[in-house]
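Colleague: Hi! I'm new to this one, could you walk me through it?
Modeller: Happy to, let's open it up together.

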Amino acid sequence: MSIDRAKYSRIVVLTGAGISAASGLRTYRGPDGVWEEHEVEKYGHADALAGRPEETWRLFGGMRTPVLAARPNAAHRALAAWEASLAAHQEFLIVTQNVDGLHQRAGSNKVVELHGNLMHTRCSSPSCDLPAYRDEQSHQLKPPICPRCGSVLRPDIVLFGEEIPALPSWTAKRALRGCDLFIAIGTSGLVTPAANFVRSAEYAGARTILVNLEAMNPPNPAFKEQYLGPAETLLPALLGLDAG
Ligand SMILES: [Zn+2]
(Lines give C-alpha, C1' and ligand atoms only; values in the text may rest on other atoms or scores of the structure.)
Protein backbone atom coordinates (compact mmCIF):
# COMPACT_ATOMS: atom_id res chain seq x y z
CA MET A 1 0.00 0.00 0.00
CA SER A 2 2.97 2.30 -0.05
CA ILE A 3 2.94 5.50 -2.08
CA ASP A 4 5.30 5.69 -5.07
CA ARG A 5 6.71 9.10 -4.26
CA ALA A 6 8.51 9.40 -7.60
CA LYS A 7 5.12 9.93 -9.25
CA TYR A 8 4.44 13.22 -7.50
CA SER A 9 6.04 16.61 -7.91
CA ARG A 10 4.06 18.81 -5.50
CA ILE A 11 3.21 17.20 -2.20
CA VAL A 12 1.27 18.81 0.65
CA VAL A 13 0.83 17.12 4.06
CA LEU A 14 -1.53 18.50 6.69
CA THR A 15 -1.00 17.31 10.27
CA GLY A 16 -3.15 17.67 13.38
CA ALA A 17 -3.08 16.63 17.02
CA GLY A 18 -3.35 12.91 16.21
CA ILE A 19 0.23 12.78 14.94
CA SER A 20 1.60 13.96 18.30
CA ALA A 21 -0.52 11.69 20.52
CA ALA A 22 2.13 8.95 20.51
CA SER A 23 4.69 11.50 21.71
CA GLY A 24 2.76 11.68 24.95
CA LEU A 25 1.22 15.06 24.28
CA ARG A 26 -2.30 14.81 25.54
CA THR A 27 -4.60 17.08 23.72
CA TYR A 28 -5.58 19.90 26.02
CA ARG A 29 -9.11 19.59 24.79
CA GLY A 30 -11.44 16.69 25.18
CA PRO A 31 -12.03 14.23 28.00
CA ASP A 32 -8.36 13.25 28.57
CA GLY A 33 -7.19 16.83 28.45
CA VAL A 34 -5.51 18.55 31.35
CA TRP A 35 -8.02 21.34 31.10
CA GLU A 36 -11.74 21.24 30.67
CA GLU A 37 -12.99 22.39 27.31
CA HIS A 38 -14.79 25.42 28.73
CA GLU A 39 -11.66 26.50 30.62
CA VAL A 40 -9.54 26.30 27.48
CA GLU A 41 -12.03 28.31 25.51
CA LYS A 42 -12.21 30.90 28.27
CA TYR A 43 -8.54 31.25 29.21
CA GLY A 44 -7.29 30.50 25.71
CA HIS A 45 -9.37 33.28 24.20
CA ALA A 46 -7.90 36.52 22.93
CA ASP A 47 -10.19 38.38 25.37
CA ALA A 48 -8.45 36.70 28.32
CA LEU A 49 -5.08 37.91 27.07
CA ALA A 50 -6.41 41.46 26.96
CA GLY A 51 -7.99 41.32 30.42
CA ARG A 52 -6.24 38.62 32.44
CA PRO A 53 -2.96 37.65 30.74
CA GLU A 54 -1.92 35.66 33.82
CA GLU A 55 -4.62 33.13 32.86
CA THR A 56 -3.29 32.90 29.30
CA TRP A 57 0.15 32.08 30.72
CA ARG A 58 -1.19 29.69 33.33
CA LEU A 59 -2.84 27.71 30.54
CA PHE A 60 -0.27 27.81 27.75
CA GLY A 61 2.86 28.40 29.81
CA GLY A 62 2.01 25.21 31.66
CA MET A 63 2.11 23.28 28.38
CA ARG A 64 5.71 24.25 27.67
CA THR A 65 7.26 21.72 30.03
CA PRO A 66 5.46 18.66 28.56
CA VAL A 67 6.17 19.89 25.02
CA LEU A 68 9.88 20.22 25.84
CA ALA A 69 9.89 16.73 27.34
CA ALA A 70 8.05 15.18 24.37
CA ARG A 71 9.99 13.54 21.56
CA PRO A 72 9.11 13.11 17.88
CA ASN A 73 7.56 9.69 17.18
CA ALA A 74 7.81 7.33 14.20
CA ALA A 75 5.24 9.35 12.24
CA HIS A 76 7.22 12.60 12.56
CA ARG A 77 10.42 10.75 11.69
CA ALA A 78 8.86 9.06 8.66
CA LEU A 79 7.77 12.43 7.24
CA ALA A 80 11.24 13.88 7.80
CA ALA A 81 12.90 10.89 6.12
CA TRP A 82 10.43 11.10 3.24
CA GLU A 83 11.19 14.78 2.67
CA ALA A 84 14.93 14.04 2.71
CA SER A 85 14.47 11.29 0.12
CA LEU A 86 12.72 13.47 -2.47
CA ALA A 87 14.44 14.64 -5.63
CA ALA A 88 15.41 18.29 -6.00
CA HIS A 89 12.55 19.09 -8.40
CA GLN A 90 9.88 17.72 -6.05
CA GLU A 91 8.14 20.30 -3.90
CA PHE A 92 7.07 19.32 -0.42
CA LEU A 93 5.32 21.15 2.39
CA ILE A 94 4.02 20.15 5.81
CA VAL A 95 1.22 22.38 7.02
CA THR A 96 0.61 21.73 10.70
CA GLN A 97 -2.09 22.70 13.15
CA ASN A 98 0.20 21.66 16.00
CA VAL A 99 2.17 24.16 18.07
CA ASP A 100 4.62 21.58 19.50
CA GLY A 101 7.46 21.96 16.97
CA LEU A 102 7.92 18.17 16.77
CA HIS A 103 8.16 18.10 12.96
CA GLN A 104 11.15 20.41 13.03
CA ARG A 105 12.74 18.44 15.85
CA ALA A 106 12.31 15.27 13.77
CA GLY A 107 14.27 16.98 10.97
CA SER A 108 11.53 18.26 8.66
CA ASN A 109 12.59 21.46 6.90
CA LYS A 110 9.51 22.61 5.02
CA VAL A 111 6.98 23.25 7.77
CA VAL A 112 4.28 25.90 7.99
CA GLU A 113 2.73 26.35 11.43
CA LEU A 114 -0.87 27.51 11.05
CA HIS A 115 -1.33 28.11 14.77
CA GLY A 116 2.14 29.32 15.70
CA ASN A 117 4.68 27.74 18.04
CA LEU A 118 4.14 27.28 21.76
CA MET A 119 7.85 27.65 22.51
CA HIS A 120 7.96 31.15 21.03
CA THR A 121 7.04 34.36 22.85
CA ARG A 122 6.20 37.68 21.26
CA CYS A 123 4.87 41.10 22.18
CA SER A 124 1.11 41.53 22.37
CA SER A 125 1.30 45.00 20.85
CA PRO A 126 0.87 44.89 17.06
CA SER A 127 2.91 48.06 16.66
CA CYS A 128 5.94 46.77 18.62
CA ASP A 129 9.00 45.62 16.68
CA LEU A 130 10.24 43.04 19.20
CA PRO A 131 10.82 39.85 17.17
CA ALA A 132 9.31 36.59 18.41
CA TYR A 133 11.93 34.57 20.28
CA ARG A 134 12.38 31.08 21.66
CA ASP A 135 11.34 30.92 25.30
CA GLU A 136 11.25 27.79 27.47
CA GLN A 137 9.97 29.50 30.61
CA SER A 138 6.38 28.92 31.62
CA HIS A 139 5.79 32.37 33.20
CA GLN A 140 2.96 30.86 35.20
CA LEU A 141 3.42 33.12 38.20
CA LYS A 142 3.66 36.42 36.40
CA PRO A 143 3.13 37.42 32.75
CA PRO A 144 6.39 38.70 31.22
CA ILE A 145 6.61 42.30 30.07
CA CYS A 146 8.04 43.52 26.76
CA PRO A 147 11.47 45.13 27.27
CA ARG A 148 10.87 47.48 24.32
CA CYS A 149 7.38 48.85 24.85
CA GLY A 150 6.16 47.69 28.27
CA SER A 151 3.18 45.74 26.90
CA VAL A 152 2.53 42.24 28.14
CA LEU A 153 4.25 39.45 26.21
CA ARG A 154 2.27 36.47 24.91
CA PRO A 155 2.82 32.95 23.61
CA ASP A 156 3.23 33.09 19.82
CA ILE A 157 0.19 30.95 19.09
CA VAL A 158 -3.23 31.62 17.62
CA LEU A 159 -5.72 32.10 20.44
CA PHE A 160 -9.44 31.46 20.27
CA GLY A 161 -11.08 34.40 18.59
CA GLU A 162 -7.99 35.09 16.46
CA GLU A 163 -7.43 34.50 12.77
CA ILE A 164 -4.70 32.31 11.34
CA PRO A 165 -1.96 34.79 10.37
CA ALA A 166 -1.82 35.80 6.70
CA LEU A 167 1.58 34.36 5.81
CA PRO A 168 1.06 30.70 6.82
CA SER A 169 -2.47 30.82 5.46
CA TRP A 170 -1.29 32.16 2.11
CA THR A 171 1.64 29.72 1.92
CA ALA A 172 -0.66 26.75 2.51
CA LYS A 173 -3.22 27.90 -0.05
CA ARG A 174 -0.58 28.53 -2.67
CA ALA A 175 0.92 25.05 -2.20
CA LEU A 176 -2.52 23.42 -2.41
CA ARG A 177 -3.38 25.12 -5.67
CA GLY A 178 -0.76 23.17 -7.56
CA CYS A 179 -0.48 20.00 -5.54
CA ASP A 180 -0.72 16.48 -6.98
CA LEU A 181 -0.63 14.58 -3.68
CA PHE A 182 -2.40 15.65 -0.49
CA ILE A 183 -2.26 13.69 2.77
CA ALA A 184 -4.08 14.75 5.95
CA ILE A 185 -2.79 13.02 9.09
CA GLY A 186 -4.21 12.90 12.60
CA THR A 187 -6.98 15.38 11.96
CA SER A 188 -10.65 15.08 11.20
CA GLY A 189 -11.41 15.15 7.50
CA LEU A 190 -14.70 16.85 8.21
CA VAL A 191 -13.67 20.13 9.85
CA THR A 192 -11.56 23.14 8.95
CA PRO A 193 -8.84 23.24 7.79
CA ALA A 194 -8.71 19.65 6.45
CA ALA A 195 -12.13 19.89 4.83
CA ASN A 196 -11.19 23.08 2.98
CA PHE A 197 -7.70 21.93 2.09
CA VAL A 198 -8.87 18.66 0.57
CA ARG A 199 -11.36 20.49 -1.61
CA SER A 200 -8.58 22.69 -2.99
CA ALA A 201 -6.36 19.66 -3.52
CA GLU A 202 -9.13 17.74 -5.26
CA TYR A 203 -9.81 20.73 -7.49
CA ALA A 204 -6.12 20.77 -8.40
CA GLY A 205 -6.44 17.11 -9.42
CA ALA A 206 -4.41 15.71 -6.52
CA ARG A 207 -4.54 12.21 -5.08
CA THR A 208 -6.16 12.74 -1.67
CA ILE A 209 -5.52 10.58 1.40
CA LEU A 210 -6.66 10.70 5.02
CA VAL A 211 -4.72 8.94 7.78
CA ASN A 212 -6.59 9.07 11.06
CA LEU A 213 -7.65 6.99 14.04
CA GLU A 214 -11.33 7.40 13.34
CA ALA A 215 -13.29 6.99 10.14
CA MET A 216 -15.08 10.03 8.76
CA ASN A 217 -18.75 9.98 9.58
CA PRO A 218 -20.25 10.95 7.23
CA PRO A 219 -17.44 10.33 4.72
CA ASN A 220 -15.98 13.39 3.02
CA PRO A 221 -16.01 12.37 -0.66
CA ALA A 222 -13.07 14.67 -1.45
CA PHE A 223 -10.82 12.16 0.33
CA LYS A 224 -10.45 9.30 -2.13
CA GLU A 225 -8.45 7.06 0.21
CA GLN A 226 -8.59 6.56 3.95
CA TYR A 227 -6.22 4.63 6.23
CA LEU A 228 -7.41 4.08 9.77
CA GLY A 229 -5.11 3.57 12.73
CA PRO A 230 -2.29 5.25 14.65
CA ALA A 231 -0.16 7.49 12.42
CA GLU A 232 3.08 6.21 13.95
CA THR A 233 2.18 2.68 12.77
CA LEU A 234 0.63 3.49 9.40
CA LEU A 235 2.90 6.22 8.06
CA PRO A 236 6.26 4.42 7.84
CA ALA A 237 4.57 1.70 5.74
CA LEU A 238 2.43 4.09 3.71
CA LEU A 239 5.44 6.26 2.86
CA GLY A 240 7.50 3.18 1.99
CA LEU A 241 10.06 3.91 4.70
CA ASP A 242 11.29 2.34 7.83
CA ALA A 243 12.06 5.38 9.92
CA GLY A 244 13.51 3.28 12.73
ZN1 LIG B 1 6.57 45.34 22.81
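Modeller: One term before we start: two strands count as paired if DSSP finds at least two bridges between them. Also keep in mind that this is a predicted model.

Colleague: Is β4 largely enclosed or open?
Modeller: Six of the eight residues of β4 are buried, so β4 is largely enclosed by the rest of the structure. C123 counts as buried too, at 4% relative accessibility.

Colleague: Let's move to the metal. Which residues are the protein donors of the zinc ion?
Modeller: Four cysteines, each through its SG atom: C123, C128, C146 and C149, lying 2.3 Å from the zinc ion. Along the chain these donors follow the spacing C-x4-C-x17-C-x2-C.

Colleague: Where do C128 and C149 sit in the chain?
Modeller: C128 is in the loop between β4 (116-123) and β5 (133-134), while C149 is in the loop between β5 and β6 (153-157), so this pair ties together parts that are 21 residues apart in sequence.

Colleague: Are those two buried or exposed?
Modeller: They fall into separate classes. The cut-off for buried is under 20% relative accessible area. C128 has 17% relative accessibility, so C128 counts as buried. C149 has 38%, so C149 counts as partly exposed.

Colleague: What geometry does the zinc site have?
Modeller: The site is tetrahedral, with angles of 100 to 113° among the four donor atoms. For reference, the ideal angle for four tetrahedral donors is 109.5 degrees.

Colleague: With cysteines around, how many disulfides are counted?
Modeller: The count comes to zero disulfides.

Colleague: Okay, new topic. How many aromatic pairs does a search of the whole structure find?
Modeller: Two aromatic pairs turn up. One of them is W82 with F92: the ring centres are 6.0 Å apart and the planes are at 80°, so that pair is edge-to-face.

Colleague: Which elements do W82 and F92 belong to?
Modeller: W82 is in helix α5 (residues 74-85) and F92 is in strand β2 (residues 91-96). The pair links distant parts of the chain, with the two residues 10 residues apart.

Colleague: And are W82 and F92 buried or exposed?
Modeller: W82 counts as buried, at 0% relative accessibility. F92 counts as buried as well, at 6%.

Colleague: Now show me β8. Which strands does β8 pair with?
Modeller: Strand β7 (residues 181-185) is joined to β8 by five bridges, and the two run parallel. Here I183 stands opposite I209 in β8. β8 also pairs with strand β9 (residues 225-228), over four bridges in the parallel sense. There, N212 has L228 in β9 as its bridge partner.

Colleague: How does the chain cross from β7 to β8?
Modeller: The chain goes through helix α8 (residues 194-203), and this β-α-β crossover is right-handed.

Colleague: How many of the six residues of β8 are buried?
Modeller: Five of the six residues in β8 (residues 207-212) are buried, so β8 is largely enclosed by the rest of the structure.

Colleague: Last one: where does L130 lie, and how many Å separate the C-alpha atoms of L130 and I209?
Modeller: L130 lies in the loop between β4 and β5, and L130 is buried, with a relative accessible area of 15%. The C-alpha atoms of L130 and I209 are separated by 40 Å, and the two residues are 79 residues apart along the chain.

Conventions: Residues numbered from 1 in each chain as written. Predicted model: local features only at pLDDT ≥ 70, side-chain atom pairs only at ≥ 80, totals over all residues. Heavy atoms only, no water. Donors = N, O, S within 2.8 Å, 3.2 Å for Na, K, Ca; no water. Tetrahedral: all angles 85-135°; square planar, octahedral: opposite > 155°, others 65-115°. Buried < 20%, exposed > 50% of the residue type's maximum accessible area, 1.4 Å probe, protein only. Right-handed = clockwise from strand over helix to strand, strands pointing away. Phe/Tyr/Trp six-rings, centres within 6.5 Å; stacked < 30°, edge-to-face > 60°. Disulfide = S-S within 2.5 Å.
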